[in-house]
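Student: I would like to go through this model and ask, for each label, what value stands behind it.
Tutor: Go ahead; each answer will set a value against a definition.

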Amino acid sequence: MAKINNKAAMFNIVFMLSLLLIVSMADGRGKTLQCDKVVGVQGGDTCLGIIQSSNSTTATFVAINPNLNCSALFVGQWLCVSATFN
Ligand SMILES: *[C@@H]1O[C@H](CO)[C@@H](O)[C@H](O)[C@H]1NC(C)=O
Ligand SMILES: *[C@@H]1O[C@H](CO)[C@@H](O)[C@H](O)[C@H]1NC(C)=O
């Protein structure tokens, strides 16, 4: 009886841990974002233009520039266009 309970408890722990891992991978939390390439905003640049010229996707771009407001880009602002999650 005690053995079965232990196994059930172990299973629960492993299950919870893998659930946590999946969640943290899904939203990028608990991971460090390392920007591999940045570009400086120039006059006339838009988020979309930068996404296209860096061959990125909107989803990636938003994920690696979490606090970016694309309506308020300014010249000289650095944007991350390529990053890895560690
Ligand atoms: C984006 O892709 C095009 C076509 O494959 C290529 O010519 C260009 O060098 C790429 N630009 C970057 C920044 O990787
Ligand atoms: C983004 O910038 C625009 C223009 O300055 C502003 O109106 C808007 O409220 C900003 N949005 C956020 C989420 O900060």
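Student: What does Leu79 touch, not counting residues up to four places away in sequence?
Tutor: Leu79 touches Lys37, Val38, Val39, Val41, Ile50, Phe61, Asn65, Leu68 and Leu73. Contact here means heavy atoms within 4.5 Å. The model is predicted: local features need pLDDT of at least 70, side-chain atom pairs count only at pLDDT 80 or more, and totals for chains, interfaces and linings use all residues. Residues are numbered from 1 along each chain as its sequence is written, chains are lettered from A and ligands numbered from 1 in the order in which they are written, and side-chain values use heavy atoms, with hydrogens and water left out.

Student: Why is Asn65 called buried?
Tutor: Its relative accessible area is 10%, and buried means under 20%, exposed over 50% and partly exposed in between (1.4 Å probe, protein chains only). Therefore Asn65 counts as buried. Asn65 sits in the loop between α3 (58-64) and β2 (78-85). Leaving aside neighbours within four places in sequence, Asn65 is in contact with Leu79 and Cys80.

Student: What makes the pair of Asn65 and Phe61 a polar contact?
Tutor: A polar atom of the Asn65 side chain lies 3.0 Å from the backbone oxygen of Phe61. A polar contact is a pair of N or O atoms within 3.5 Å; within protein, one must be able to donate a hydrogen and the other to accept it, and residues adjacent in sequence count only if both atoms are side-chain atoms.

Student: How do you know that Cys35 and Cys80 form a disulfide?
Tutor: Their S to S distance is 2.0 Å, and a disulfide is a pair of cysteine sulfur atoms within 2.5 Å. The torsion about the S-S bond is about 120 degrees, so this disulfide is right-handed. Cys35 lies in strand β1 and Cys80 in strand β2, so the pair ties together parts that are 45 residues apart in sequence. Cys80, at 5% relative accessibility, is buried, whereas Cys35, at 33%, is partly exposed.

Student: Why is Asn55 called exposed?
Tutor: Asn55 has a relative accessible area of 71%, so the label is exposed. Asn55 is found in the loop between α2 and α3 and has a positive phi of about 55 degrees although it is not a glycine. A polar side-chain atom of Asn55 lies 2.3 Å from an oxygen atom of ligand 1.

Student: What surrounds ligand 1?
Tutor: Lys37, Ser53 and Asn55 surround ligand 1; a residue is near a molecule or strand if one of its heavy atoms lies within 4 Å of it. Taken alone, ligand 1 exposes 360 Å², and the protein buries 27% of that. Accessible areas come from the Shrake-Rupley method with a 1.4 Å probe; for residues, only the protein chains shown count as cover.

Student: How is the secondary structure counted, and in what order do the elements run?
Tutor: The protein has three helices and two strands, in the order α-β-α-α-β from the N terminus. Helices (H or I, at least four residues) and strands (E, at least two) are DSSP runs, numbered from the N terminus.
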